[in-house]
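Colleague: I'm new to this one. Can you walk me through it?

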Amino acid sequence: MSSTGTASTRDRLLDAAAELFYREGASIGVETLCRTAGVSKRSMYQLFDSKDEVFAASLRRRAPAYEEQLALRSVEAGPPRTRILYVFERLEKLAETADYRGCPFLAAQVELKDPAHPASIVAEEVKRHLTDAFRAEAERGGAADPELLARQLSLVFDGASARAGARVESLAGLAVTTAAALLDAAGVV
C-alpha cells in the first residue's frame with residue numbers, strides 16, 4: 001500500500017491477476033487484466049515484461065498464504081500422522097467454500113502444460129514444498145518408504161483438489177480417509 005492508502009499499480013495488477021487467473025484461467029487477455037486492475041497496458045509493461053510474468057508474480061505472491069492454509073507447520077506439536085491429516089482436513093474445508101476452484105498451482109501447471117513457463121516454475125516449487133513436507137513427516141512417522149508415501153499423498157491431494165474444484169465430487173471425509181489409509185499402509189503414527 002502506498003502512503004495515500006490506495007493499492008499500488010503493481011498490487012492492483014497482482015490482485016486482479018490472482019483473481020482472474022484462478023477464476024477464468026491463464027487465457028485472460030492483457031486488456032481484461034488491465035481493465036480489472038484499473039491500470040493501463042503501458043503501466044503493466046513498465047512493471048512486467050509480459051502477462052506471463054504477471055501470472056508468475058501473482059502465484060509467487062499468493063504462495064505463502066496458500067502454504068500457510070495447508071502447512072504442516074500450522075499444527076503445533078503432534079505426531080506426524082496428525083500433522084499430515086491436518087493438511088487433508090484443511091483441503092476438505094477449503095473445498096466446501098463456494099469460490100473454491102481447486103489448487104491454483106496445480107491449475108496453472110495443468111492449463112499451461114509448459115514446465116518452462118514462469119508461472120509453471122512457481123507452481124512446481126509450491127507443489128514441491130508440499131511433497132517435501134509430506135516426506136519429512138513420513139520420515140518422522142517411520143514410513144518404510146517416505147519418498148513413495150509423499151508422492152502418494154501429493155497425488156491424493158492434487159486429485160482431490162481437482163475433483164472438488166471442478167465440482168465433480170464433495171470431499172467431505174473422502175480426502176482424509178484416503179490419506180489415512182495410505183498412512184496406515186505405510187505404518188505412519
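Modeller: Here is a short tour, from the whole fold down to single residues.

Colleague: What kind of model is this, and how are residues numbered?

Modeller: This is a predicted model: local features need pLDDT of at least 70, side-chain atom pairs count only at pLDDT 80 or more, and totals for chains, interfaces and linings use all residues. Residues are numbered from 1 along each chain as its sequence is written, and side-chain values use heavy atoms, with hydrogens and water left out.

Colleague: How many helices and strands does the protein have?

Modeller: Nine helices and zero strands. Helices (H or I, at least four residues) and strands (E, at least two) are DSSP runs, numbered from the N terminus. The order of elements is α-α-α-α-α-α-α-α-α.

Colleague: What box do the C-alpha atoms fill?

Modeller: Roughly 55 × 35 × 30 Å, taken along the principal axes.

Colleague: And how much of the protein is buried?

Modeller: Of its 189 residues, 44% count as buried. Buried means under 20% relative accessible area, exposed means over 50%, and partly exposed is in between (1.4 Å probe, protein chains only). The accessible surface is about 9700 Å², with 53% of that from carbon and sulfur atoms. Those areas come from the Shrake-Rupley method with a 1.4 Å probe; for residues, only the protein chains shown count as cover.

Colleague: Switching topic. What does UniProt list?

Modeller: An unreviewed UniProt entry gives "domain: HTH tetR-type" for residues 7-66. That span is 78% helix and 0% strand, and its end C-alpha atoms lie 21 Å apart. The unreviewed entry also lists a "DNA-binding region" at residues 29-48. Those residues are 75% helix and 0% strand, with end C-alpha atoms 15 Å apart. UniProt positions use the numbering used here, feature names are shortened, and annotations may be inferred rather than shown by experiment.

Colleague: Where is S58, and is it buried or exposed?

Modeller: S58 sits in helix α4 (residues 51-70). It counts as buried because its relative accessibility is 4%. Leaving aside neighbours within four places in sequence, S58 is in contact with L14, A17, A18 and F21.

Colleague: Now α6. Which of its residues are buried?

Modeller: P104, F105, L106, A108 and L112. Their cover includes α1 (9-24), α4, α7 and α8.

Colleague: What follows α6?

Modeller: K113, with a positive phi near 60°. Most residues other than glycine have a negative phi. K113 lies in the loop between α6 and α7. It counts as exposed because its relative accessible area is 66%.

Colleague: Where is H117?

Modeller: H117 is in the loop between α6 and α7 (118-140). H117 counts as buried because its relative accessibility is 9%. Beyond neighbours within four places in sequence, H117 is in contact with D52, F55 and L112.

Colleague: Which other residue has a positive phi?

Modeller: R167, also near 60° and not a glycine. R167 is in the loop between α8 (146-165) and α9 (174-186). At 44% relative accessibility, it counts as partly exposed.

Colleague: How far apart are A98 and R167?

Modeller: They are 69 residues apart in sequence and 10.0 Å apart in space, C-alpha to C-alpha. A98 lies in the loop between α5 (80-95) and α6 (104-112). A98 counts as exposed because its relative accessibility is 75%.

Conventions: Contact means heavy atoms within 4.5 Å.
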